[in-house]
Amino acid sequence: MTHALQESLLDASSDEVRLGRLGSTVRRAGLSRGAWTDLRPGWISGADVLFRRLVDLVPWQAEQRQMYDRTVAVPRLLCFYDEDESLPDPALEQMRTALNRHYAAELGEPFRTAGLCLYRDGADSVAWHGDRIGRGNTEDTMVAIISLGTPRNFLLRPRGGGHALRHRLGHGDLIVMGGSAQRTWEHAIPKTAHRVGPRISVQFRPRGVR
């Protein structure tokens with residue numbers, strides 16, 4: 001990692017990882033074309049403790065992808081846990097259970113898989129995209145993302161371009177994209193030239209959505 005984590009002042013005195021309430025603490029914003037986002041700032045207290053545990057526990061992988069006529073390094077480290085695999089920390093199991101309880105009636109199925117990304121510094125990023133591999137390409141669904149570590153800009157825009165919305169997410173913030181969001185909107189974590197510390201993104205998805 002290029003830079004050390006600058007810990008949240010709210011987490012500085014806590015060595016325990018705890019989940020806050022969901023319910024009425026979740027703020028929903030309608031987008032367009034049937035898409036929406038839910039935001040719950042500071043859902044995880046002790047998030048920096050969990051960040052440090054995951055840095056050590058997760059078998060992070062550097063991947064490469066074909067881009068036109070050349071192979072390029074993916075600008076972040078990755079790890080994916082399928083629905084039959086144990087998650088690397090009990091706090092992640094607790095998060096998934098709480099999300100399943102909160103969204104059960106609306107989603108109609110549980111979150112099953114977990115994808116983790118480690119953004120080591122401002123040079124790591126993810127380009128504009130929707131999670132449209134599998135059912136997300138044709139069906140409404142949900143993707144829940146918990147941000148741990150240094151806050152980074154999380155951008156959303158209508159698919160194909162348009163005005164971008166920005167959320168500054170880190171230190172245990174939760175964002176959920178629902179409805180048609182994966183088909184009709186795109187999201188990204190842009191690179192930044194500013195000196196920033198590392199961030200981990202935890203993404204929970206239903207079966208058949210990538």
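The structure is a predicted model, in which local features need pLDDT of at least 70 and side-chain atom pairs count only at pLDDT 80 or more, while totals for chains, interfaces and linings use all residues. Residues are numbered from 1 along each chain as its sequence is written, and side-chain values use heavy atoms, with hydrogens and water left out.

Strand β10 spans residues 152–158 (strands are DSSP runs of E of at least two residues, and helices runs of H or I of at least four, both numbered from the N terminus). Because six of its seven residues are buried, β10 is largely enclosed by the rest of the structure (buried means under 20% relative accessible area, exposed over 50% and partly exposed in between, with a 1.4 Å probe and protein chains only). Two strands pair if DSSP finds at least two bridges between them; β10 runs antiparallel to β11 (residues 165–169), with five bridges, and antiparallel to β13 (residues 185–189), with four. Asn153 stands opposite Arg168 in β11, whereas Leu156 stands opposite His187 in β13.

Gln182 belongs to helix α3, residues 181–184, and counts as buried because its relative accessibility is 3%.

Elsewhere, Phe80 lies in strand β6, residues 70–81, and counts as partly exposed because its relative accessibility is 27%. Not counting residues up to four places away in sequence, Phe80 touches Glu85, Thr113, Ala114, Gly115 and Arg210.

Methods:
Contact means heavy atoms within 4.5 Å.
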